Amino acid sequence: MTDKIVLGQYLPSDSVIHRLDPRTKLLILVAFTIGSMHLQAITGYIAASVLAGGQLLLSRISLRLLLRALRPILLILLLPMVYHLLFNQEGIGKELFALWRILLLVSLALILTLTTKPLDLAKGLEQLCKPLTRLGVPVEALALTVMLAIRFIPTITQELDRILVAQQARGYDIKDTKGLNRIQAYIQLVIPLHATTLARAEQLAMTIEARAYGNGKGRTSYRVLKYTPLDYAAGGIMITYILLGILLER
């Protein structure tokens, strides 16, 4: 099951997207999200798809891996489509465009996590949100929380694998159950999974406290983030896309 969960994992590579500054990738994701929320014309959706496809090619992430990551999300998003097919066929067009938009946003978010180390992502988010410290926002703690939340996704999946293996060692295989019994068996896994996750979280909190992390203010970093000409080129491409999107929508 660990191999099926892609979100939160980092794939090391030397691609163009990997070499971008994490702040650049975060800004591109934010700009793409804001621009996608205003898409209405089919030409705008095509331009957004071309941009997302270009990032996928430059990141050297296989399309099969991306589709595998999108599969659980796609199953959930198809439920409204089934509703419109059965009861409201006039809303199928709008639902298709909404599904298209969400898949584009999720795809870029997956590319971000797959090409950025969690620590670099937290550092980039912290520096981008630095001005909010004047308003009393705990930026350092917020960035650490986001990084840990992303990193804990594969960790929780590993814990679930361990529970399933332990059940198989005792002669019980959840795959042998069918129908409602399998659903009930998976629900029963929530309790041990919750307990092990809380134990991991408590251990992590003690580790952070033992290293005197505190609230993170004034903490120095060995690696200093710096923009390169590649980041400025990526920013220029994103600005061009936004201007092109405005033109196409008009």
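Predicted model: local features only at pLDDT ≥ 70, side-chain atom pairs only at ≥ 80, totals over all residues.
**Helix 2 and helix 6**

- By class, the contact of helix 2 with helix 6 has six nonpolar residues, two polar and two charged.
- Helix 2 spans residues 22-36, and helix 6 spans residues 118-128.
- The two helices pack at an angle of about 70°, and their axes are 8 Å apart.
- Angles of 65 to 115 degrees count as roughly perpendicular, so helix 2 and helix 6 are roughly perpendicular to each other.
- The crossing of helix 2 and helix 6 is right-handed.

**The largest nonpolar core**

- The largest nonpolar core has 30 residues.
- Phe32, Ala48, Met238 and Tyr241 have the most contacts inside this core.
- Five elements are listed as giving two or more residues to this core: helix 2, helix 3 (42-59), helix 4 (63-87), helix 5 (92-115) and helix 10 (229-249).
- Helix 5 gives the largest share of this core, seven residues.

**Around Ala48**

- Leaving aside neighbours within four places in sequence, Ala48 is in contact with Phe32, Leu39, Leu104 and Tyr241.

**Another core**

Terms used:
Residues numbered from 1 in each chain as written. Heavy atoms only, no water. Axes fitted to C-alpha atoms, helices over the stretch in contact; angles between N-to-C directions. Helix = DSSP H or I, 4+ residues; strand = E, 2+ residues; numbered from the N terminus. Parallel < 35°, antiparallel > 145°, perpendicular 65-115°, else oblique. Left-handed = near helix turned anticlockwise from the far one by under 90°. Nonpolar A, V, L, I, M, F, W, Y, C, P; charged D, E, K, R; others polar. Core = buried A, V, L, I, M, F, W, Y, C linked by side-chain atoms within 4.5 Å. Buried < 20%, exposed > 50% of the residue type's maximum accessible area, 1.4 Å probe, protein only. Contact = heavy atoms within 4.5 Å.
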